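Keep the structure open while reading.

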Amino acid sequence: MKITDIDTIMINSPGRKWTIVRVHTDEGLVGLGEATYSNKEPAVCAAVDNMKLELLGEDPARIEYLWHKIFYESTVSGIWRMSGPIWQSALSGIDLALWDLAGKITGRAVYEMLGGPARDSIFAYATGNDVDWYLECGFQAVKLACPYGPADGLDGIEKNEEFVAEARELCGDHVEIMLDCYMAFDVEYTVRLAERLRPYRLKWIEEFLIPEDLEGHVAVRNRLPWQTLAGGEHLYTPWPFRQLIEQRALDILQPDIFWVGGLTATREICHLANAAGIPVIPHGGGMHQYGLHLSAAMPNTSWCEYFVGSPPGVALTPARRTRRDVVPQDSQIFPGAGPGFGLDVEESWLLPFFG
């Protein structure tokens, strides 16, 4: 079997629009992988079009070989070894499509090809600030978006404490609470806020610094030995994660399977972290089949993130993107059946991508 073409297509599903990479073969099978990066899809699709020149005529089953061939040999405007978000998103889409295709060739689900399920279900937590609604939906853990930062001074710290205190009162003692800071803090503010919030027993504080500041992460780790720290969604390729692991700078790693280099790269991060005793919770990994298949199979991915996109009072099911997407039940979730990632997309949803 040979790769005959790679293209991009828009899926306009009832839940949202999303960009798909399709890998076509001479035997008529097609693999589907997502290539989404913060409304930069035209640039991502252009990168896919460049990368495909390296893959035409290749055997699609050689996934590891093809990942490294793209990473080391593709040229985009003369740039070699692409490690930026646009190029890694394009590589992610191609890689995910190859894994989906491999499942269709063998008739197996991706999590079966990764070694089989490591657990019967995955614990899903809700991301967002509508805490009372998430509790009503059965979630047993919630991650809040921190509303104030260093520019808000001491008043902002006090308001952040009020915000977290209200969530703790709603949740009681038996629901975990996490805090997402989205790269907005410096070392000093992170330490001061964490100390202020210690009575509320946060399970982790996430993305408190810009991801490239390795020394800053180490400084926070040293000053807050009692607080669990998480991050990594805005890092690209496995290599920065190796540095975080070597420095013990974070307690939980959160790669994004659509940005870091696909399933091949995320699997490598999971293996590196597992050898060091560090859990991995992929960014947004409970919202799609790609992240769920990985999380079902890896030994250190027992939690997943589920962003609740529907407003309070609207059931989770209508927010699904494909007919086989699954939603958490009492904070538990598991991927759908294969083959591949088991995506089931209506033909009428497919639209040409006008980049």
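The points below cover salt bridges, a charged surface patch and some backbone features.

The model is predicted. Its salt bridges number 14. A patch of negative charge sits on the surface. The backbone includes a cis peptide bond between G338 and P339.

**Salt bridge between strands**

- K143 and E206 join their side chains in a salt bridge, at 2.8 Å from N to O.
- K143 belongs to strand β5 (residues 141-145) and E206 to strand β7 (residues 205-206), so the pair ties together parts 63 residues apart in sequence.
- Both partners, K143 and E206, are buried.

- The side chains of K159 and D155 form a salt bridge at 3.2 Å, N to O.
- K159 and D155 are about one helical turn apart, because four residues separate them in helix α6.
- K159 is partly exposed, with 34% relative accessible area.
- D155 is also partly exposed, at 41% relative accessibility.

**Salt bridge between helices**

- R223 and E188 meet through their side chains in a salt bridge of 3.2 Å, N to O.
- This pair links distant parts of the chain, with R223 in helix α8 (residues 214-223) and E188 in helix α7 (residues 187-197), 35 residues apart.
- R223 has a relative accessibility of 40% and counts as partly exposed.
- E188 has a relative accessibility of 42% and is likewise partly exposed.

**Salt-bridge network around K52**

- Salt bridges link D5, D49 and K52 in a network.
- K52 sits in the loop between α1 (41-51) and α2 (63-73).
- At 15% relative accessibility, K52 falls under the 20% cut-off, so K52 counts as buried.
- Leaving out residues up to four places away in sequence, K52 touches D5 and I6.

**Negative patch**

- Which residues gather in the patch of negative charge? They are D130, D132, E136, E166 and E169.
- Helices α5 (131-136) and α6 (153-171) each contribute at least two residues to this patch.
- E169, one of the patch residues, is found in helix α6.
- The relative accessible area of E169 is 69%, over the 50% cut-off, so E169 counts as exposed.

**Cis peptide bond**

- G338 and P339 are joined by a cis peptide bond, with omega about 5 degrees.
- P339 lies in the loop between β11 (332-333) and β12 (350-352).

**Positive phi angles**

- T237 is not a glycine, yet its phi is positive, near 80 degrees.
- The loop between β8 (229-231) and α9 (239-247) holds T237.
- Is T237 buried or exposed? T237 counts as buried, with a relative accessibility of 4%.
- S331 is another residue other than glycine with a positive phi, near 70 degrees.
- S331 is placed in the loop between β10 (303-307) and β11.
- S331 is buried, at 1% relative accessibility.

Definitions and conventions:
Residues are numbered from 1 along each chain as its sequence is written. Side-chain values use heavy atoms; hydrogens and water are left out. Patches are made of residues with over 30% relative accessible area and no salt bridge: like charges are joined within 9 Å, nonpolar side chains (Val, Leu, Ile, Met, Phe, Trp, Tyr) within 5 Å. Accessible areas come from the Shrake-Rupley method with a 1.4 Å probe; for residues, only the protein chains shown count as cover. A salt bridge is a side-chain nitrogen of Lys or Arg within 4 Å of a carboxyl oxygen of Asp or Glu. Lys and Arg count as positive and Asp and Glu as negative; His and the chain ends are not counted. The place of a charge is taken as NZ of Lys, CZ of Arg, CG of Asp or CD of Glu. Buried means under 20% relative accessible area, exposed over 50%, partly exposed in between (1.4 Å probe, protein chains only). Contact means heavy atoms within 4.5 Å.
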